[in-house]
Amino acid sequence: MTNPTLAVGAVEHHLRERRDAGRGLFMPYVTGCVTPNWTDYLRAFADAGADAIEIGLPFSDPTLDGVTIQQASDTALARGASTRRILADLSGLPDLGVPLVASTYYNLVLHDGPEAFCAALRRAGVDGLIVPDLPVHEADELADMAAATGVDLALLASPATPEPRLAEIADRSRGFVYAVSLMGTTGEQTALAASAAQLTRRIRRVTDRPVLLGFGISTPDQAREARRHADGVVVGAAVMRRVLDGAGPDDVRAFLATLRRALDQECDAPR
Amino acid sequence: MQDVMMGEPQARGRFGEYGGRYAPESLVEACRQVEETFREAWADPGFRAELARLLALHAGRPTPLTPALRLSEELGVRLYLKREDLAHTGSHKINNVLGQALLATRMGRRRLIAETGAGQHGVATATAAALLGLEATVFMGERDIERQALNVVRMRLLGAEVVPVTTGSRTLKDATSEAMRHWVSATADSHYCVGSVIGPDPYPWMVREFQRVIGDEAREQYSGVPDHVVACVGGGSNAAGTFAGFADTPARLVGVEAEGGAGAARGRPGVLHGCRSLFLQDDDGQIVEAHSIAAGLDYPGVGPEHAHLRDLGRARYVTVTDDEAARAVVQLARTEGIVPALESAHALAWVIRAARDGELPAGSTVLMTLSGRGDKDVSTLKELL
Ligand SMILES: Cc1ncc(COP(=O)(O)O)c(C=O)c1O
């Protein structure tokens, strides 16, 4: 077995360190270019205690996203969003002290080619990547290039993933394993799906890589419950609905602070 | 290696560099089950016999190969029409759907999910569901619901639920995205019945195999080999099924796309709806919306096997305009007494143009698949009278 800490990049290094210090990991999401001053949200995320920040590079046909992130993507594209423009905005930012993770659909990676795409991410200070329509058996060409460039390509695991495949995903994922909490698209849910606990347990059996639960997590209670099973949470639609409804960086910071507190309380709770 | 032209795809569902299974992880296991079940079923004489029985007794196969005598005389070529308009429900879509509906029951699925543009695939899905006692949910763009209203009524009569899709161009591309999103939450009890040779592996291959009955019948019905074999291409299922019967002959294969939806003729490599293929894209890699008078061709991409056939030079892909297609409808109606679907009229419009331009030399033989009938298009066509 290879040492999992070898050949991992900045995202995994950072997340492991914080996880090992007992902290519940928190990765909020924003769609790039969704508002004119969208990078202000990144500062708000960092201030609210994010451990990593996911930045969506919007695609015209987001087949794994529910209505909220579809709308956010459309809004951003109508404002002239593109990979180039979002990365240019990021290049101009001071260091937030929190690793940035891009997420997008594979067509946008192929458009520039995996090598140029990963190199552009690195130049913009992005150290991680999520591609929800790129399953592990199709990931070779991107995974190799990402590893060579120093980008952590995080793979997704689903409640439908069978056992041997789950081990392969956990082994080949970098940064963290993205545990998809339910059989569905992104979007707010009223409760954490029962499948979330089971999937997380199964992933933990095959890896010690950080495991983040995502899809549907929208409230402090859900974050607290998710933290009982996983190393942390990804929160996307719940942020973007607020942004689409006009919430500014301060409002979003206040919302995220409630999730941060919930994660911290769960950490302090006796197990 | 794929050494047989239009045989089984290469490893991992590849047709050359195209194809594959670029599905979200939540759908990968479902795709694998579909592939496994299809492989078993396709090698099972019992399944083949049951499908043949349904195709004959319910769908009315074989469909005739009709010599278009008066039109041939006008054009100076010898044109034969493979009459998928005479298949039950009015298009070739029923061939694929009966196959997939039988697979769904074999997998113990109780519901079919489908996307539809022209409504023909939706009607076929609703029909097969009724026939086999399954439920059907059909996703259809709002714009197509308006322009193909007849088929919406038919689907509802047959007991299907029609879900309007209001995102993006509100046409086939968005209906397909929505069907995929829905499938993610319904894999346990539902089968996604993809309507063309697109989608993640095994769909492009499986749908072509279910449609090859068109080409196999035509090959038998036509004595010898025609100079040209022509079909319209949306995703490319009637064309793939037709070409499959002639891939190993010297016949020239021509796929005809809508000018505003020419994935094969003008697309660039990319990934959408589960496969790597050719798609219309802008300079940033965003998918461009297609525009066609024919709802079934209003799609910005093409099936991966067509992309491969194009690269190999085995098939050629050409385009015709909305106007040319509409005029072809009228010309066929008045020479042969057949009102074709606007989709099928694209194939005919190319034959008419190529005969006039001399690209089809006088006396050459052309076998064209007439993929469907035009009843659904009356509201569009009445503007032309
Ligand atoms: C009559 C008819 N022909 C052709 C098509 C295009 O599909 P394909 O290219 O898969 O044959 C459609 C699709 O709706 C159709 O209804």
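Reader: Which helix of chain B does V153(B) lie in?
Author: V153(B) belongs to helix 7 of chain B, residues 149-157, where helices are DSSP runs of H or I with at least four residues, strands are runs of E with at least two, and both are numbered from the N terminus. This is a predicted model, in which local features need pLDDT of at least 70, side-chain atom pairs count only at pLDDT 80 or more, and totals for chains, interfaces and linings use all residues. Residues are numbered from 1 along each chain as its sequence is written, chains are lettered from A and ligands numbered from 1 in the order in which they are written, and side-chain values use heavy atoms, with hydrogens and water left out.

Reader: And how many helices and strands does chain B have?
Author: Chain B has 15 helices and 14 strands. Its radius of gyration, taken over C-alpha atoms, is 19 Å, close to the 21 Å from the globule rule (2.2 Å times the number of residues to the power 0.38) for 385 residues, so chain B is as compact as a globular protein of that length.

Reader: Switching to cysteines, how many disulfides are there over all chains?
Author: The structure holds zero disulfides over all chains, a disulfide being a pair of cysteine sulfur atoms within 2.5 Å.

Reader: Is C232(B) buried or exposed?
Author: C232(B) is buried, with a relative accessible area of 2%; buried means under 20%, exposed over 50%, and partly exposed in between, using a 1.4 Å probe and protein chains only.
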